[in-house]
Amino acid sequence: MTYANPDAPRRKVTVRTLHAMKQAAEPIAMLTAYDASFARVEDQAGVDVVLVGDSLGMVIQGHATTVPVSVDDIVYHCAAVSRGLDHALLLADMPFLSYRNEEQAVLNAGRMLQQGGAQMVKLEGGVAQIGVVEALVGQGIPVCAHLGLKPQSINKLGAYLVQGRDSEAADQMLREARQLEGAGADLLLLECVPAILAAEITKAVAIPVIGIGAGVKCDGQVLVLQDVLGITPGKPPKFSRNFMLGADSIAAAITAYVQAVKLRQFPKPEHQFE
Ligand code: KIV
């Protein structure tokens, strides 16, 4: 396995960098951020992709779900985060109902790139979003597709549960991953998916696959910053780890997260699902 020379000057991470990392089997470290200060710490700690997630509805705004988040919210937080980044790629989450059709998706994603400084957008969806993914890619907007648990559908799901456990659902997820890749998605995120299925999908597609609660065999990992810092109220999610334990600063905790992802020491079996 050949990793990039750690002494070489770090360059700006682009879509091409992420594809090259998959080719080189170098794990991709992704983490959420919502402001310039934390973005700067993450950038200096070696985070490859900083996600302005709609999780901001819960961890910043204090809502019970991500549903109330608006496009204005994401643009505002992206603009702040982008000012803290020199190297990491900035990924913007498209909030609930902001990609109902192709025209609306392109206009909203366009704002995230033009006003927010994002380099890629993420949307929750499968086969129903193929047209939207094609329209975005057709306008030069890179897309990260999000499969598995889709928190924006919480009112339909009723609970945040592991997805793809039965063979029909697993086959459908594998099919959708291939279709999204075919539609031009550059990245795929799998949330709360059995580790065996996530490994199969990671092998089946050429685009990098980032996991959260999807096992160590994905091409990279993502966590919510507040989980990494151990400040999420209540019981932490099974897939997360408090990296402040044993760290003497926030920067050290984030660096430990990046190192654990790069060395495939996180997630461990206790963080994954069967
Ligand atoms: O909104 C978010 O932070 C996310 C992560 C949980 C992957 O989508």
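Where does Arg10 lie in relation to α1? Arg10 is found in the segment before α1, where helices (H or I, at least four residues) and strands (E, at least two) are DSSP runs that are numbered from the N terminus. The structure is a predicted model, in which local features need pLDDT of at least 70 and side-chain atom pairs count only at pLDDT 80 or more, while totals for chains, interfaces and linings use all residues. Residues are numbered from 1 along each chain as its sequence is written, and side-chain values use heavy atoms, with hydrogens and water left out.

With a relative accessible area of 36%, Arg10 is partly exposed; here buried means under 20% relative accessible area, exposed means over 50%, and partly exposed lies in between (1.4 Å probe, protein chains only). Leaving aside residues up to four places away in sequence, Arg10 touches Asp43, Gly46, Val47 and His87, where contact means heavy atoms within 4.5 Å. A polar atom of the Arg10 side chain lies 2.7 Å from the backbone oxygen of Asp43. Such a polar contact is a pair of N or O atoms within 3.5 Å; within protein, one must be able to donate a hydrogen and the other to accept it, and residues adjacent in sequence count only if both atoms are side-chain atoms.

## Confidence of the model

The average pLDDT of the protein is 96, and 97% of the residues score at least 70, pLDDT being the predictor's confidence in each residue, from 0 to 100. Among the elements of the protein, strand β2 (residues 49-52) has the highest mean pLDDT (99) and helix α7 (residues 154-157) the lowest (96).

## The barrel and its helices

Eight strands, in the order β1-β2-β3-β4-β5-β6-β7-β8, close into a barrel with parallel pairing, and two strands are said to pair if DSSP finds at least two bridges between them. On average, neighbouring strands of this sheet are turned by 25° against each other, direction ignored. Axes are lines fitted to C-alpha atoms, for helices over the stretch in contact, and angles run from 0 to 180 degrees between N-to-C directions.

One of the pairs is formed by strand β6 (residues 187-191) and strand β7 (residues 209-212), which are joined in the parallel sense over four bridges, with Leu189 opposite Ile210 in β7. Helix α8 (residues 167-183) packs on the sheet and touches β5 (143-148) and β6, its direction making about 175° with that of β5. Helix α11 (residues 250-262) also packs on the sheet, where it touches β1 (28-32) and β8 (220-223), and its direction makes about 145° with that of β1.

## Strand β3

Strand β3 (residues 89-93) is largely enclosed by the rest of the structure, because five of its five residues are buried. In a regular strand the side chains alternate between the two faces of the sheet. Both faces of β3 are covered, with Leu89, Leu91 and Asp93 buried on one side and Leu90 and Ala92 buried on the other.

β3 pairs with β2 in the parallel sense over four bridges, and Leu90 in β3 is the bridge partner of Val50. β3 also runs parallel to strand β4 (residues 120-124), to which three bridges join it, and Ala92 stands opposite Val121 in β4.

## Helix α1

In helix α1 (residues 15-23), the buried residues are Val15, Leu18, Met21 and Lys22. They lie on the same side of α1, because they cover an arc of only 120° around the axis, the arc being that of the directions from the helix axis to the C-beta atoms. Arg16 and Gln23, on the other side of α1, are exposed.

At the start of α1, the backbone nitrogen of Arg16 has a side-chain oxygen of Thr14 within 3.2 Å. Ala25, which follows α1, has a positive phi near 55°.

Ser240 lies in the loop between α10 (225-228) and α11 and counts as buried, at 8% relative accessibility. The side chain of Ser240 reaches the backbone oxygen of Pro237 at 2.9 Å. Not counting residues up to four places away in sequence, Ser240 touches Leu223, Asp227, Phe266 and His271.

Most residues other than glycine have a negative phi, and most peptide bonds are trans. The peptide bond from Phe266 to Pro267 is cis, with omega near 0°, and Pro267 lies in the segment after α11. Arg264 lies in the segment after α11, and its phi is positive, near 55°.
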